[in-house]
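Here is a set of questions and answers on one protein model.

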Amino acid sequence: MALDLLGDRRRTHHCGELRKAHTGQKVFLAGWVARRRDLGNLIFLDLRDHTGVVQVVVNAESSPEAHKKAELVRSEFVVGVEGEVVLRAQGTLNPQIATGEVEVKASTLLLLNEAKTPPFPIEDETRTSEDTRLRYRYLDLRRARMQRNIRLRHQACMETREHMGGHGFIEIETPFMTRSTPEGARDYLVPSRVRQGHFYALPQSPQLFKQLFMIAGFDRYFQIVRCFRDEDLRADRQPEFTQIDVEMAFPTREELFEIIEGLMQKLLSLVDVKVELPFARLSYDIAMEKYGSDKPDLRFGLEWKRLHLPGGKLSAVKGFQVTKALRVPGAAAQISRSQFDRYQETLKQMGAANSAYLIVTDAGIQSRMKNALGDDGLQAIVAATEAQAGDLVVLLGAELDSVENVRALDQASGWLRLELANKFELIKPGLWTFAWIVDFPMFDYDKNEKRYAAMHHPFTSPREEDLDKLESDPSSVKALAYDLVLNGSEIGGGSIRMHRPDIQKRVFRVLGLSDEKARERFGFFVDALEYGAPPHGGIALGVDRIVALLAGESSIREVIAFPKTASATDLMCEAPATVDPEQLTELGLKIVKF
């Protein structure tokens with residue numbers, strides 16, 4: 001097939017821009033053929049670019065040469081069209097597309113490139129498997145849905161830069177090759193050729209560097225930065241991801257919150273959503289007790305209550321020494337015993353070994369716990385939860401009031417709350433609810449390693465009122481850490497940092513890091529703290545998660561141009577891949593198979 005050259009022709013318009021007002025204008029369009037319909041003397045082409053689709057009509061009588069070329073055209077051929085914008089005939093209007101009142105009467109058709117038949121239709125919605133889509137991602141990205149998602153991501157990044165710049169933040173790049181600081185997820189390691197046996201690490205975040213910027217006096221820093229973590233993947237996890245990284249000197253927590261809330265307000269306006277300020281503030285303890293989650297979905301009610309019944313009736317029942325109760329209004333008739341039995345199996349696996357439910361009716365209270373609690377006990381539960389006739393009351397219990405049991409109970413209650421909300425369709429579409437979760441525990445005790453670990457990271461500052469408990473009672477220390485939650489998804493996390501070397505060293509010791517070990521891992525940073533580090537703090541916001549929420553996608557893979565699969569594989573590039581033995585020799589490496 002003979003192909004044409006574009007030459008010095010320029011597009012006058014994009015396909016999706018043409019409207020009734022363009023009637024009579026001469027235009028030159030270029031794009032991909034989405035569809036071809038041959039009616040003999042008339043051939044219709046749906047021409048597509050990133051702005052949309054317009055119909056092109058090629059007439060054998062008025063444009064015989066163009067018609068001959070149109071006979072050769074197939075889906076996804078790249079063509080240029082020169083012609084006149086005309087009104088469609090009555091009865092042929094297409095209200096489904098923005099250009100549906102007009103068409104282009106072609107005088108010239110350029111065949112710029114041919115195309116093989118795609119492995120799946122280039123349509124807005126597709127049933128094609130995700131593996132096939134990722135293998136041919138360059139074709140998948142032609143779909144209107146993916147075009148919208150990636151362009152929305154661009155808009156979000158542009159809005160971020162404008163907003164942060166307007167608040168005095170400057171964007172500074174940080175290194176991609178640094179040293180390993182194994183305190184979080186696994187690092188991706190990069191071997192050094194010139195120093196064999198030594199490795200760089202790809203950064204899990206620019207945490208230390210952005211704190212160094214504060215010591216360096218840059219005062220307000222931000223960066224839209226790529227980060228890397230070698231961890232198990234889920235719908236909201238990728239080995240490489242992007243975050244809006246923010247740090248500021250001499251901050252108050254509220255000042256930082258106000259800046260980020262303003263940014264969120266602008267980002268949601270990209271999808272025509274109005275956000276009310278300020279966002280809710282919830283302590284970690286309250287969030288776990290009421291919602292069973294440190295990233296609670298506040299689009300619906302359903303708040304758990306700790307039960308303390310008169311006379312210790314409930315605590316006398318085996319397995320219910322600690323009890324949480326949840327009232328689900330109007331759900332009594334919508335739950336079956338078999339359904340709740342299925343819930344119970346999952347709850348047991350999550351550590352909530354005991355669960356039960358009550359159904360409140362006009363005739364009385366129905367429950368398998370009636371023999372154990374009696375009518376008075378059941379009435380006390382109904383009174384404590386303010387349940388009415390027609391309501392369902394769910395109970396979760398643990399045997400001992402230990403940190404581990406209460407945490408398992410809280411996590412199980414969070415899972416069940418979401419399950420019930422979905423079952424009873426309590427989450428109304430179109431709602432957007434933000435919340436700041438504050439006052440996290442500073443430390444988490446690792447029973448396997450028999451030491452404390454930082455719940456956020458080891459550079460988070462404890463609350464001033466908890467400093468005297470660092471060594472004596474680490475489990476009770478609260479951190480100046482905070483997460484930003486949107487519709488039950490954590491979209492960002494940060495903290496006020498430790499700027500004093502004496503406190504930083506104390507925290508390292510609580511974490512089981514000797515002065516020597518801390519210096520080995522963080523020596524350059526510990527040194528920097530001794531040269532006048534100002535009070536500072538910041539946050540990192542997940543670009544992938546935020547854009548996925550804005551786009552209405554359940555997986556961040558739908559808003560990343562070239563994502564990895566759940567097994568961290570790039571199907572298109574076939575990565576990771578083996579390398580030549582000579583490359584390994586240069587690096588002083590040898591593959592050992594386990």
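Q: How do helix 5 and helix 12 run relative to each other, roughly parallel or roughly antiparallel?
A: This is a predicted model. In it, the axes of helix 5 (residues 207-215) and helix 12 (residues 515-529) come within 10 Å and cross at roughly 20 degrees. Angles under 35 degrees count as roughly parallel. Helix 5 and helix 12 are therefore roughly parallel.

Q: What is the hand of the crossing where helix 5 passes helix 12, left-handed or right-handed?
A: The axes of these two helices, helix 5 and helix 12, cross at roughly 20 degrees. The crossing of helix 5 past helix 12 is left-handed.

Q: How many residues in the contact of helix 5 with helix 12 are nonpolar, polar and charged?
A: Helix 5 brings Leu208, Gln211, Leu212 and Ile215 to the contact. Helix 12 brings Phe522, Phe524, Phe525, Ala528 and Leu529. By class, the contact of helix 5 with helix 12 holds eight nonpolar, one polar and no charged residues.

Q: How does helix 4 lie against helix 13?
A: The axes of helix 4 (residues 144-166) and helix 13 come within 10 Å. They cross at roughly 120 degrees. Roughly perpendicular covers 65 to 115 degrees and roughly antiparallel needs over 145. That makes helix 4 and helix 13 oblique.

Q: Which hand does the crossing of helix 4 and helix 13 have, and how many charged residues does the contact hold?
A: The crossing of helix 4 and helix 13 is right-handed. From helix 4 come Asn149, Leu152, Arg153, Ala156 and Cys157, and from helix 13 come Val543, Asp544, Val547, Leu550 and Ala551. By class, the contact of helix 4 with helix 13 has seven nonpolar residues, one polar and, as charged residues, two.

Q: What is the relation of helix 8 to helix 10, roughly parallel or roughly antiparallel?
A: The axes of helix 8 (residues 337-349) and helix 10 (residues 403-423) come within 10 Å. They cross at roughly 150 degrees. An angle over 145 counts as roughly antiparallel. Helix 8 and helix 10 are therefore roughly antiparallel.

Q: How do the residues of the contact of helix 8 with helix 10 divide by class?
A: Helix 8 passes helix 10 in a right-handed crossing. Gln339, Tyr343, Thr346 and Leu347 of helix 8 meet Ala412, Trp415, Leu416, Glu419, Leu420 and Lys423 of helix 10. By class, the contact of helix 8 with helix 10 comes to six nonpolar, two polar and two charged.

Q: Is cysteine 157 buried or exposed, and what of cysteine 227?
A: Buried means under 20% relative accessible area. Cysteine 157 has 14% relative accessibility, so it counts as buried. Cysteine 227 has a relative accessible area of 0%, so cysteine 227 is also buried.

Q: Where does the cis peptide bond from leucine 277 to proline 278 place its proline?
A: The bond from leucine 277 to proline 278 is cis, with omega near -5 degrees. Proline 278 sits in the loop between helix 6 (253-269) and strand 11 (280-283).

Q: Is alanine 568 buried or partly exposed?
A: Alanine 568 is in the loop between helix 13 and helix 14. Its phi is near 60 degrees, a positive value in a residue other than glycine. Buried means under 20% relative accessible area and exposed over 50%. Alanine 568 has 25%, so alanine 568 is partly exposed.

Q: Where is aspartate 439 placed?
A: Phi of aspartate 439 is near 60 degrees, positive in a residue other than glycine. Aspartate 439 falls in the loop between strand 17 (434-438) and strand 18 (443-446).

Q: What percentage of the residues in the protein is buried?
A: The secondary structure comes to 14 helices and 22 strands. The protein has 594 residues, and the buried share is 46%.

How values were computed
Residues numbered from 1 in each chain as written. Predicted model: local features only at pLDDT ≥ 70, side-chain atom pairs only at ≥ 80, totals over all residues. Heavy atoms only, no water. Buried < 20%, exposed > 50% of the residue type's maximum accessible area, 1.4 Å probe, protein only. Axes fitted to C-alpha atoms, helices over the stretch in contact; angles between N-to-C directions. Helix = DSSP H or I, 4+ residues; strand = E, 2+ residues; numbered from the N terminus. Left-handed = near helix turned anticlockwise from the far one by under 90°. Contact = heavy atoms within 4.5 Å. Nonpolar A, V, L, I, M, F, W, Y, C, P; charged D, E, K, R; others polar.
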